[in-house]
Amino acid sequence: MSTLSTSLPGGTWALGDLAVTRFGYGAMQLAGPWVMGPPADRDGALAVLREAADLGITHIDTSGAYGPHITNRLIREALHPYSDSLHIVTKVGATRDQEGGWPPARRPEDLRRAVHENLRELGLETLDVVNLRLGDAQGPQPGSLAEAFETLVELQRQGLIRHLGVSNATVEQVAEARSIAPIVCVQNMYNLAHRQDDELIDELAGQGIAYVPFFPLGGFTPLQSSALTAVASRLDATPMSVALAWLLRRSPNILLIPGTSSVAHLRENVAGAGLPLSAEDLAELDEIGR
Ligand SMILES: NC(=O)c1ccc[n+]([C@@H]2O[C@H](COP(=O)([O-])OP(=O)(O)OC[C@H]3O[C@@H](n4cnc5c(N)ncnc54)[C@H](OP(=O)(O)O)[C@@H]3O)[C@@H](O)[C@H]2O)c1
């Protein structure tokens, strides 16, 4: 098991035998508009990734579907050869169509191709963590993941993947995956206003499995709530800082991967996530998603 010390808010977490900072970075926003094509400011995108590494962030979330292929190539250009402490988590199971949609690509041959593409684009021999992305753009959808997950387990046995996770998954799919092979993380939509996974988070915490909320700041629709604004103004902080600080306090197994295409926002988010929240603040914030 690797060890890691950090001054980043939230400290560290173990994804299997990989120590990561709980404050991570989600690379999706580095692609072009609606996550299609290259960024308008390529140098700016590379600067964000280098700043993330310079700040000591050791967990970067990506996918071959971002761009497609854009964020993986930017990560490689900015950060390869990677430091031993950096862990890149990728996702397979969705592709992109001409309209920018995210059709599923979960047949065994799709998954094998996606894993090999990720290895090539990121310049790696083994992917640290691969999430099987389920459901669709509307959210998790019921159905067995067995064939797809077993394909990833086979690629893991071949040494191409170190650890597995699931994303956009129902509670039943998380349980089904765990009945097939160990997982180190679940990546689902969750934030102050979307609390559908509260029970799952607590259950996973008890099992030592990370919960990685996507859209921690609301994604394409920034979080808006009068209670959030009230707490933020009382603390002289931004709503984003409060939202991130709340997630770190919500459960020790929550890892943050807020996205940004701006170095200034990245620095703001790192500083803001360390905001102390009182019991009164937490009680008020807790009401938002209830
Ligand atoms: N598994 C899945 O299906 C799935 C789905 C979606 C996302 N993800 C992952 O989750 C990560 C996080 O989600 P996300 O990036 O879509 O959404 P997010 O982190 O909730 O929000 C990102 C948005 O917030 C803005 N923002 C960030 N910091 C800010 C600040 N300090 N001030 C003002 N605006 C700020 C960003 O704009 P600027 O660029 O202007 O800062 C961007 O528009 C993604 O990067 C991706 O890796 C996974």
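Where is the place of Pro81? Pro81 sits in the loop between H2 and S5; helices (H or I, at least four residues) and strands (E, at least two) are DSSP runs, numbered from the N terminus. The model is predicted: local features need pLDDT of at least 70, side-chain atom pairs count only at pLDDT 80 or more, and totals for chains, interfaces and linings use all residues. Residue numbers start from 1 along each chain as its sequence is written.

The peptide bond between His80 and Pro81 is cis, with omega about 0°. Another cis peptide bond joins Gly67 and Pro68, where omega is about -20°. Pro68 belongs to the loop between strand S4 (59-61) and helix H2 (70-79).

Seven strands form an open sheet in the order S3-S4-S5-S6-S7-S8-S9, with parallel pairing; two strands pair if DSSP finds at least two bridges between them. Strand S3 (25-26) and strand S9 (210-211) are at the edges and have a single partner strand each, so one side of each lacks a neighbour in the sheet. Strand S5 (residues 87-92) and strand S6 (residues 127-133) run parallel and are joined by four bridges. Lys91 stands opposite Asn131 in S6.

Most residues other than glycine have a negative phi, and most peptide bonds are trans. Val35, in the loop between S3 and helix H1 (42-54), has a positive phi near 65°. Val35 is buried, with 21 other C-beta atoms within 10 Å. A residue is buried if 20 or more other C-beta atoms lie within 10 Å of its own, exposed if 12 or fewer, and partly exposed in between, with C-beta atoms placed from the backbone. Phe215 lies in the loop between S9 and helix H7 (226-234), and its phi is positive, near 60°. Phe215 counts as buried, with 21 C-beta neighbours inside 10 Å.
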